[in-house]
Amino acid sequence: MHDPLDELDRLARTERRVAQATLVDTRGTTPRKEGAKMWVGEAGRLVGSVTIGGCVDARVVEAAEAALAEGRPRLVAVDMGAEDAWEIGLSCGGTVEVFVEPIALEPGSPTLDLTRRLRANTEAGGRAALVTSLDGGGRFLLYEDGRREGSLGDPALDAAAVPVAADLLRRGASRTIDLGAGRRVFVESHGPRATLVIVGATHVGVPLTSLARVMGFRTVVVDARPRFATRERFPDADEIRIGIPSEIVAGMPLTPSTALVLLAHDYKFERPVLAHALGTEVGYIGMLGSRRRGAAVKRLLEEAGVAPAALERIRVPIGLALGGDSAAEIALAILAEIQASRTGASARPLASVGAGR
């Protein structure tokens, strides 16, 4: 996965300019949502995708090359017949709109500077919306506390866009908004990166950190045993913390965008971690173990004063019933449940969800 808040910095190491293509509107059902991005370098390098491939990305590449040559942004609307639409996941013919803009990757670049400010804000746990004029007039960054940096190039347009952007930011949504008189802006909401905290540097935790990284999670491995919690065993972990797990977890922000997974299989570590986590807004709590063992741990917590309703937040046994018992298969089942929990999805087979082709 390509994090747009990191990608421009990575590209700046090898490119002087790129064309950034952003999916800003869709009509129909598509597997890629607004905000998906592709970058095209001056030498033709491609990174990311605005759809899942096929005709749209090919046309976007042509538009990106033209935008780089002309030095001007453009809004590309791709009309598709039923066959082309089905190729990228739309249920029938429709239109997708992609905003393509050339971006200088050099010191002083306004776009690069705003992106870096946005990234610093989300890394600090903040939320903000990046608002871009689809007429090529500029962009501004709106923080959740109301502060604003940058401009669309027109004070009246800025004033009209702020309340709309603030509302979308509160809902965590990204979409194109028509402000009237043909003036359209794309509001892109950004919040803290989803974090996966793994308590227990076990063999299941190794593939779990690797899979979570592919899914865009920031991963933190926590264990009291330095022999197990090593960089050699967990090369894909963003952070490895060694010490008493309950003390480490108590010092971490457990927010709705955090998933907590306990793999230690030792109630001495699990009970104090769970007692703390259940008093926070952590988005997901899962514990490795059988139903019988889970019931025993919950009983200990209830005896310690944890409300029975709070105990229902603990998912044990952890993961979806995908079958398989290898470390990688268990890790996949865990991450699948975390993803379903985050999105509110049913976790049912797609073939049983609706009529589709």
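**Entry 1**

I started with helix α5 (residues 155–171), which lies across β6, β7, β8, β9 and β10 and runs at about 50 degrees to β7. I am working from a predicted model, where local features need pLDDT of at least 70, side-chain atom pairs count only at pLDDT 80 or more, and totals for chains, interfaces and linings use all residues. Residues are numbered from 1 along each chain as its sequence is written, and side-chain values use heavy atoms, with hydrogens and water left out.

For my own reference, helices (H or I, at least four residues) and strands (E, at least two) are DSSP runs numbered from the N terminus. Axes are lines fitted to C-alpha atoms, for helices over the stretch in contact, and angles run from 0 to 180 degrees between N-to-C directions. Contact means heavy atoms within 4.5 Å.

Next I checked α4 against these strands. Helix α4 lies across β6, β7, β8 and β10, and runs at about 15 degrees to β7.

Then I wrote down the strand order. The sheet is open, has five strands in the order β8-β7-β6-β10-β9, and pairs antiparallel; two strands pair if DSSP finds at least two bridges between them. The edges are β8 (148–151) and β9 (175–178), each with a single partner strand, so one side of each has no neighbour in the sheet. From one strand to the next, the twist averages 20 degrees.

How many of the residues of strand β6 are buried? I found that six of the six residues of β6 (residues 128–133) are, so the rest of the structure largely encloses this strand. Buried means under 20% relative accessible area, exposed over 50%, and partly exposed in between (1.4 Å probe, protein chains only). A128, L130 and T132 point one way from β6, while A129, V131 and S133 point the other way, and all are buried.

Strand β7 (residues 139–143) pairs with β6 in the antiparallel sense over five bridges, and L130 has L141 as its bridge partner in β7. The two strands form a hairpin with five residues between them, and G136 in the turn has a positive phi of about 80 degrees. Strand β10 (residues 184–190) is joined to β6 by six bridges, again antiparallel, with H190 as the bridge partner of A128. Four bridges join β7 to β8, which run antiparallel; there, R139 has S151 as its bridge partner.

**Entry 1: α1 against α4**

I looked at how α4 (residues 110–123) meets helix α1 (residues 4–12): they pack at about 130 degrees, with axes 9 Å apart. That makes α1 oblique to α4, because angles under 35 degrees count as roughly parallel, over 145 as roughly antiparallel, 65 to 115 as roughly perpendicular and the rest as oblique. The crossing of α1 past α4 is left-handed, a term for the near helix being turned anticlockwise from the far one by less than a right angle, with right-handed for clockwise.

I listed the contact residues too: P4, L5, D6, L8 and D9 of α1, and L112, T115, R116, L118, R119 and T122 of α4. They divide into five nonpolar, two polar and four charged (Ala, Val, Leu, Ile, Met, Phe, Trp, Tyr, Cys and Pro count as nonpolar, Asp, Glu, Lys and Arg as charged, and the others, Gly among them, as polar).

I checked E7 in helix α1, and at 4% relative accessibility it counts as buried.

I also checked D25, which lies in strand β1 (residues 17–27). Is D25 buried or exposed? At 16% relative accessibility, D25 counts as buried. Leaving aside neighbours within four places in sequence, D25 is in contact with E34, T95, V96, E97, T176 and R184.

I moved on to an open sheet of six strands, ordered β13-β12-β11-β14-β15-β16, with parallel pairing. β13 (239–242) and β16 (314–315) stand at its edges with a single partner strand each, so one side of each lacks a neighbour in the sheet. Strands β14 (residues 258–262) and β15 (residues 284–287) pair in the parallel sense over four bridges, and L262 stands opposite M287 in β15.

I then looked for helices on this sheet. Helix α6 (residues 205–214) lies across β11 (195–199), β12 (218–223) and β14, at about 175 degrees to β11. Helix α11 (residues 327–343) packs on the sheet and touches β11, β14, β15 and β16, its direction making about 155 degrees with that of β15.
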